[in-house]
Amino acid sequence: MALKKINREDLEPLLEGVAILGTGGGGSPDWGRGIILNDFKRGREYTIIDPDEIEDDAVVVSGGIMGSVKTLDRVNLDELLERWEDNFELEVAFREMERELSKKIDYIVPFEMGGLNTPVILSLGARVGIPVLDGDALGRAAPETQMTSFIGHGISLTPMPLVDHVGNVVVVRKTINPVYPDQIGRFIVTRGGGLGANNHYPMSGRQLKNSVIPNTISKAIEIGRSVISARNNSEDPVDVFRKKVSGINIFYGKITEINQEEAEGFYFTKVKLTGLGKDNNSSCELIIKNETMTCWKNGELQIVFPDLLCMLDPKTGRGIMSIELKKNLEVKLVAVPCHDRLREGLKHPAGKIAFSSKRYGQNIKYLPLEELH
């Protein structure tokens, strides 16, 4: 079994990559940097493993931090990291899951790709002494816990231990509606300091191998290295990224109108942009729920979640967070097809409910990016 270490030289490429794949959410890479540097300073080691190498009967779980991206922006990271040395909510949720299962957990897999939620799972693995799967449930970030490839392949979201910022612990043991556990989680988190952690999707190694979006941590590092290299060599970093992921240029423009609202543990944003360059005289509208969900160009639908709509800085290629959006900010939008396993999951009854556009206030049927373009 070959374990791969993530070292100091991987730090910046990883953070660049997960910020882009996070599609506006998944937590700030500044948080990820603080978490990783704190762990390295304390001698913790990050190890990842290819999903195909784990045992079929292994016990695997997922998990992450819950909270609005705006709430996270108000938290003092240094103070939180110090507190986490005594009480790491994600580890508390992990131990609660082991009690629920009456089994030792062998591996953990990130819920999503994001500047916070990928590093925080690497930190959990280092703290509890088990490898992290090189993959995740989405290949991107998503606003709700049920929005995963796992649920679309028949894996139960529950039991789901929840631990909020002030120490309350709740376990959702069974649910009929796949959306319900996330609703409970948001209720708890918004009333418990605005921040919390969960553990979920207990599964076997065989189930994991059939449902995970594979090798996304490695992919994020590769993307980051390419973008950094392009930036340092006066190449167009956005175009380098687009070519690397077989993406489509959707729009280049400047934000002219932005409406934001924080509610129920989410950060809702509607954005209007006016075109620049080749998109001069065009307009674009974006719907964001922590992450980019969909957009229209000149009134025509361009992309539907869970395909990726990456928001990039035109000059640096850096992934832009939804909380960073403001009037007159220039943005390039690049669309990327989501993984086939995620698309397969959309056909499952639970997947249809989990990924419904009604979850972000729309009534749009999912159409693959390739059909729209």
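**Close-up views of a predicted protein chain**

**View 1. Strand β7 meets strand β9.** Strand β7 (residues 160-164) pairs with β9 in the antiparallel sense, and three bridges hold the count here. Two strands count as paired if DSSP finds at least two bridges between them. Look for Leu162, which stands opposite Asn198 in β9. The strands you see are DSSP runs (E, at least two residues), helices are runs of H or I with at least four residues, and both are numbered from the N terminus.

A quick note before going on: this is a predicted model, where local features need pLDDT of at least 70 and side-chain atom pairs count only at pLDDT 80 or more, while totals for chains, interfaces and linings use all residues. Residues are numbered from 1 along each chain as its sequence is written, and side-chain values use heavy atoms, with hydrogens and water left out.

**View 2. Strand β3 also pairs with β9.** Strand β3 (residues 59-66) runs antiparallel to β9, joined to it by seven bridges.

**View 3. How enclosed is strand β9 (residues 196-204)?** Eight of its nine residues are buried, so the rest of the structure largely encloses β9. Buried means under 20% relative accessible area, exposed means over 50%, and partly exposed is in between (1.4 Å probe, protein chains only).

**View 4. Tyr360 sits in a loop.** You'll find Tyr360 between α12 (349-354) and α13 (369-372). Is Tyr360 buried or exposed? With a relative accessible area of 6%, Tyr360 is buried. Leaving out residues up to four places away in sequence, Tyr360 touches Ile287, Lys289, Met293, Thr294, Val304 and Phe305. Contact here means heavy atoms within 4.5 Å. As for Leu116, 244 residues away from Tyr360 along the chain, the C-alpha atoms of the two are separated by 22 Å.

**View 5. Stepping back to the protein chain.** Here the secondary structure comes to 13 helices and 17 strands. The C-alpha trace spans about 60 × 45 × 40 Å along its principal axes. Of the 373 residues, 61% are buried. Now pick out contacts between residues at least 6 apart in sequence: 75% of them join residues at least 24 apart.
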